[in-house]
Structures are given as structure tokens and as C-alpha cells.
Amino acid sequence: MVPEQKRKHKDFVWLGKNMHKLQEKYAGKVIAVVNGHVSAGEDAIEAYKKSRKEFPDNEPVMDIVPTKECLLL
Amino acid sequence: MIEYQWRDEGSDSFGRLKRPIAQLHIKDKSGEWRAISMLIDSGADVSIISKDFGELFGHNLKKGRKIKLKGIGEGEVVAYIHKMDMLVGKHEVSIEVAIASVDLKVNILGRRNLFDLFEIQFKNKKQETRFLKN
């Protein structure tokens with residue numbers, strides 16, 4: 001795995017472990033994550049742009065932080 | 001075989017619960033792979049991403065085929081079908097994805113195309129989802 005792939009994999013794992021904590025602060029927001037650093041926005045474009053501004057060389061891992069309502073889709 | 005651990009999330013009604021999330025990549029219109037998490041939903045007819053993600057990935061929303069989606073509630077969501085390349089583990093696959101005409105609070109991996117390409121197993125005891133390439 002090349003370093004950037006490894007980093008994204010780590011960020012995916014980090015998200016998996018920390019999502020319940022992130023819900024406290026970012027529920028309903030979109031987040032972009034690089035090396036465990038969270039850039040949040042009202043939508044994917046805002047979160048992505050914030051992240052690339054801080055980490056121009058890294059493609060962030062994107063996610064929507066769930067609210068605490070139950071999902072029935 | 002690709003294994004995705006279920007994700008611990010908080011819920012007002014049930015406290016902590018585990019949800020089946022997949023971590024994958026979607027190729028945007030410029031050819032870049034974007035890393036994204038999506039909820040795996042075997043009850044969803046088609047995969048769907050939020051409008052803002054569709055825009056971020058460079059898609060012209062209305063160039064896709066228009067469809068209407070309904071959930072359990074009364075409302076319906078207009079969406080547009082686009083073909084997208086996805087990287088699931090090391091497997092590059094092309095599937096139809098609906099881009100919603102509104103921002104959603106979840107991106108969903110549904111059955112269309114994807115469940116033909118992979119055997120997808122929900123392993124409740126191990127709290128993981130397995131993707132086996134057909």
C-alpha cells in the first residue's frame with residue numbers, strides 16, 4: 001500500500017472508532033478527515049474545501065456524521 | 001474477501017448501536033478517487049448519494065436519468081441516475097448511483113448492480129459485513 005492509501009485507510013479506521021464521539025460535536029454535518037484532523041461543513045463541498053486548504057497534499061476521507069435519530073430507510 | 005467492521009454510533013432511542021458502513025472510493029469526473037463512507041442497505045433498491053457529494057464529484061446532476069425514490073414516509077426524493085466507478089477493496093466496479101436532488105443525511109449503498117457483483121454477507125455475531133466478489 002502506498003503512503004497515501006495507508007493514510008486514508010488509517011483515517012477510515014479512526015472514523016470507525018470515533019464516530020460516536022464525533023456525533024457529540026458534528027451531528028448532521030459533513031466532515032473531511034486527514035490524519036485524524038476534522039474539517040466540518042454544512043455540506044460536502046464546504047468540508048472538502050476546508051480540508052484541502054489545510055492539507056493541500058492530502059485527499060480527505062469524507063463522511064456525513066449521523067444525527068442520533070433512528071434510521072429507517 | 002473484503003470485511004467492513006460495523007460502526008459504533010449513538011442513538012437517542014437505543015443508546016449505542018452498530019451500523020454496517022463500507023469504506024470505499026468513488027471516481028470523480030476528473031478521474032480522482034474520492035474516499036467516502038456509505039451505509040450498506042440491503043433494503044435499498046439503488047445506491048444513492050447526497051446532492052452535495054454529487055456536485056463535489058463533478059457530476060451535472062440533471063444529465064442523469066430522472067427517478068423518484070420513496071422511503072417509509074410520505075415524501076419522495078427526486079434523483080438522477082449516473083454511472084460511477086467505485087473501488088471496493090481492490091475491485092474496481094462500475095455501478096449505477098442515484099444522486100439526490102437535495103442534500104441527504106446519509107449516503108447509501110443499495111442493491112442495484114452491487115449485489116450482483118458481490119455476495120454481501122451481514123455477520124451479526126462478528127459485527128462485520130463481508131463482500132465476496134462473484
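This is a predicted model: local features need pLDDT of at least 70, side-chain atom pairs count only at pLDDT 80 or more; totals for chains, interfaces and linings use all residues.

User: Okay, chain A to start. How many helices and strands are there in chain A?

Analyst: Chain A has two helices and three strands. Going from the N terminus, their order is α-β-β-α-β.

User: And the overall dimensions? What box do the C-alpha atoms of chain A fill?

Analyst: Roughly 40 × 25 × 20 Å along the principal axes.

User: What percentage of chain A counts as buried?

Analyst: 34% of the 73 residues. As for contacts in chain A with a separation of 6 or more, 46% of them involve residues 24 or more positions apart.

User: Let's zoom in on a helix. Which residues of α2(A) are buried?

Analyst: They are A:Ala44, A:Ala47, A:Tyr48 and A:Ser51.

User: What do the buried residues of α2(A) pack against?

Analyst: Within chain A, they pack against β1 (30–34), β2 (37–41) and β3. From chain B, α1 (51–56) joins in as well.

User: Good, that brings us to the interface. How many residues of chain A are in contact with chain B?

Analyst: 26 residues of chain A, and they touch 30 residues of chain B. The elements of chain A that each give two or more residues to that side are α1 (3–26), α2 (44–54) and β3 (61–64).

User: Which element gives the most?

Analyst: That would be α1(A), with seven residues. By class, the side of chain A that touches chain B is made of 15 nonpolar, five polar and six charged residues.

User: Now strands across the two chains. In which sense do β3(A) and β5 of chain B pair, parallel or antiparallel?

Analyst: Parallel, over two bridges, with β5 of chain B covering residues 33–40. In that pairing, A:Val61 has B:Ala35 in β5(B) as its bridge partner.

User: Over to chain B, then. How many helices and strands there?

Analyst: Chain B has two helices and twelve strands. Along the sequence the pattern reads β-β-β-β-β-β-α-β-β-β-β-α-β-β. The globule rule gives 14 Å for 134 residues and the radius of gyration of chain B is 15 Å, so chain B is as compact as a globular protein of that length.

User: And what does the C-alpha trace of chain B span?

Analyst: About 45 × 35 × 25 Å along the principal axes. Of the 134 residues in chain B, 33% count as buried. Residues 24 or more positions apart make up 51% of the chain B contacts with a separation of 6 or more.

User: Which residue stands opposite B:Phe118?

Analyst: B:Lys133, in β12(B).

Conventions. Residues are numbered from 1 along each chain as its sequence is written. Chains are lettered from A and ligands numbered from 1 in the order in which they are written. Two strands pair if DSSP finds at least two bridges between them. Helices (H or I, at least four residues) and strands (E, at least two) are DSSP runs, numbered from the N terminus. A residue is buried if 20 or more other C-beta atoms lie within 10 Å of its own, exposed if 12 or fewer, and partly exposed in between; C-beta atoms are placed from the backbone. Two residues are in contact if their C-beta atoms, placed from the backbone, lie within 7 Å. Ala, Val, Leu, Ile, Met, Phe, Trp, Tyr, Cys and Pro count as nonpolar, Asp, Glu, Lys and Arg as charged, and the others, Gly among them, as polar. The radius of gyration is taken over C-alpha atoms; the globule rule is 2.2 Å times the number of residues to the power 0.38.
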